[in-house]
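Thanks for coming. Please have the model open on your screens, and I will go through a few parts of it in turn.

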Amino acid sequence: MDQFYLENVARYHKLVNALDATPKPRVSTGEAGPSMVVSTRIRPLAEDESFPSAIFPRSTQQNVVDVHELYNHPSGIPILKSSDYEVDRLFTPESTTEQIYTNLVADLVPFAWNGGIGTLFAYGQTGSGKTFTVSRLERLVAETLTNGTLEGGKEISMTIIDLAGNAAFDLLNERKPVSLLEDASGVTQMVGVNEHKVHNKQEMADLIELATSFRRTAPTFKNDASSRSHAICRIRIQDPASNSDGLLYLIDLAGSESARDVAAHGADRMRETREINISLSVLKDCIRGKAEADALALSGRRKMPYIPFRQSALTRVLKHVFDPAGTRPCKTVVIACVNPSLADVGPSKNTLRFAEMLRVLVPVGEKDLDMEALVNWTNARVREWIVENSGSPPILPNVLAPRESGVQLLNLSSTEFEYRCQKCPGVKSAHARALRLKFWQLHNDSLQTGEASKELAVAPSAS
Ligand SMILES: Nc1ncnc2c1ncn2[C@@H]1O[C@H](COP(=O)(O)OP(=O)(O)OP(=O)(O)O)[C@@H](O)[C@H]1O
């Protein structure tokens, strides 16, 4: 195939140049949900690359790429086959990792700092730029966590493991084996892993460097030092005062390889590739299931999709993220990495298809602006909003203020918020939609009646 492409480079350019510059626009049926962003990074072509680029960011439509491949038509005259794909954010070969960090990843850091679970996955064919992207993002995350811009004294610790099939190894302890065991509450624990306390950017960078040196690689058809395992970097951010924690997972997935690329491998490598592809397939079902669950919850529906997180070691380790019974707020970011070379057009299309399949679109209108704001707002901002919007007479600022009124907002997620109040012991949770309903009721001065006002009415100052 490569030979066919090489022989027809001139024809390929001619056919691509003759294409309509304003293709039929893709019609979106919705927009990204609040807790999940799927992006694509197109890496630059290598300088010694002999094939042209086959992936073209569409100039007339944001976040859409056109893929043009050359097809060996039975008539003997090669023709062009085109397809297009849409993601939530698109990063072109000119985009820097710093831009990706700012536009896509930076939000995860304060989110985890405040008790949420932020997860980043880099997915793509071998040689598409996953390790390049994740290793730089890890350093940028380390910078933000330690430069003093985030409020409050927290303790940060890091764990980096490498997962191949069901076997896990500690990359910060000379690849010592780690057992993945389920505890009594069903949480998968990494038994035998070292969790390193870190205090500054340099310590974090040194650990990232150390983990890289212990990562298992092997030459593949596409990459001389291909990562044949999933590398999971877990950053735990602990609040010593409340003993609660937030988690950040930065995951460099093993490269997927197509059947054509593995044809030359021995039986072991074939098995390894099959295991990688199965775990990636389970991951896809889990990410999509989770995004569907969030979208359903957003629209107030209770029925939850099945999330098969027990089917692979990777998703068992990430139980916090995927367990439908989990109550912790989560945000997930996926970077689907592609090599634009015409020689890689098949696997790149698979990656883009995978990215599209992960997207769960929320119909425009169900995701209103207040809801989006809620997901990102701090508790202080929520209180401010209530004061600004509670109509006349205004609801007193201390209705949801901590301590003074006895009601304290704890966690906000896309679907739920948690609060504690003096009169009802323990942490309670309510659906974010109900919170929004409360806001509307407050706004309409109808606090005294209705199901949704009951919980607020427990605040001394609201009664
Ligand atoms: N955005 C980029 N800019 C410049 N070079 C890049 C970029 N992305 C990747 N590369 C280069 O491409 C090559 C392959 O990248 P990388 O090792 O990150 O791929 P990978 O997807 O992690 O592969 P594998 O799954 O096989 O480990 C490396 O030489 C890397 O330096």
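Helix H3, residues 97–105, and helix H5 have axes that come within 10 Å and cross at roughly 65 degrees. An axis here is a line fitted to C-alpha atoms, for helices over the stretch in contact, and angles run from 0 to 180 degrees between N-to-C directions. H3 is therefore roughly perpendicular to H5. The cut-offs are these: under 35 degrees counts as roughly parallel, over 145 as roughly antiparallel, 65 to 115 as roughly perpendicular, and the rest as oblique. The crossing of H3 and H5 is right-handed. Right-handed says that the near helix is turned clockwise from the far one by less than a right angle, and left-handed that it is turned anticlockwise.

On the H3 side, the contact is made by Thr97, Glu98, Ile100, Tyr101 and Val105, and on the H5 side by Thr133, Arg136, Leu137, Leu140 and Val141. Contact is used for two residues whose C-beta atoms, placed from the backbone, lie within 7 Å. Sorted by class, the residues between H3 and H5 are 6 nonpolar, 2 polar and 2 charged. Nonpolar covers Ala, Val, Leu, Ile, Met, Phe, Trp, Tyr, Cys and Pro; charged covers Asp, Glu, Lys and Arg; the others, Gly among them, are polar.

Before I go on, a word on the source. This is a predicted model, in which local features need pLDDT of at least 70 and side-chain atom pairs count only at pLDDT 80 or more, while totals for chains, interfaces and linings use all residues. Residues are numbered from 1 along each chain as its sequence is written.

H5, which spans residues 130–146, also packs against helix H6, residues 201–214, at an angle of about 160 degrees and with the axes 9 Å apart. H5 and H6 are therefore roughly antiparallel. Their crossing is right-handed. H5 contributes Ser135, Glu138, Arg139, Ala142, Glu143 and Thr146, and H6 contributes Lys201, Met204, Ala205, Ile208 and Thr212. That contact of H5 with H6 has 4 nonpolar, 3 polar and 4 charged residues.

Now the sheet. Strands of a sheet pair through backbone hydrogen bonds, either parallel or antiparallel. In which order do the 3 strands of this open sheet come? The order is S3-S4-S5, and the pairing is antiparallel. To count as a pair, two strands need at least two bridges found by DSSP. The edge strands, each pairing on one side only, are S3 (55–57) and S5 (79–86). On average, neighbouring strands are turned by 25 degrees against each other, direction ignored.

S3 and S4 pair over 3 bridges, with Pro57 opposite Val65 in S4. Their hairpin has 6 residues between the strands, and there Asn63 takes a positive phi near 65 degrees. S4, residues 64–71, pairs with S5 over 8 bridges. In S5, Ser82 stands opposite His68, and Lys81 stands opposite Glu69. Helix H11, residues 345–358, packs on this sheet and touches S3, S4 and S5, with its direction at about 150 degrees to that of S4.

Next, two single residues. Tyr12 lies in helix H2, residues 9–17. Is Tyr12 buried or partly exposed? Tyr12 is partly exposed, because 19 other C-beta atoms lie within 10 Å. Buried requires 20 or more other C-beta atoms within 10 Å of the residue's own, exposed 12 or fewer, and partly exposed is in between; the C-beta atoms are placed from the backbone. Apart from neighbours within four places in sequence, Tyr12 touches Pro52, Leu70 and Leu342.

Ser256 sits in the loop between strand S16 (244–252) and helix H7 (259–262). Ser256 is buried, because 20 other C-beta atoms lie within 10 Å. Leaving out neighbours within four places, Ser256 is in contact with Gln125, Ile276, Asn277 and Leu280.

Last, the totals. The protein has 15 helices and 21 strands. These are DSSP runs, numbered from the N terminus, with helices (H or I) of at least four residues and strands (E) of at least two. Of the 463 residues, 39% count as buried. Among contacts between residues at least 6 apart in sequence, 67% join residues at least 24 apart.
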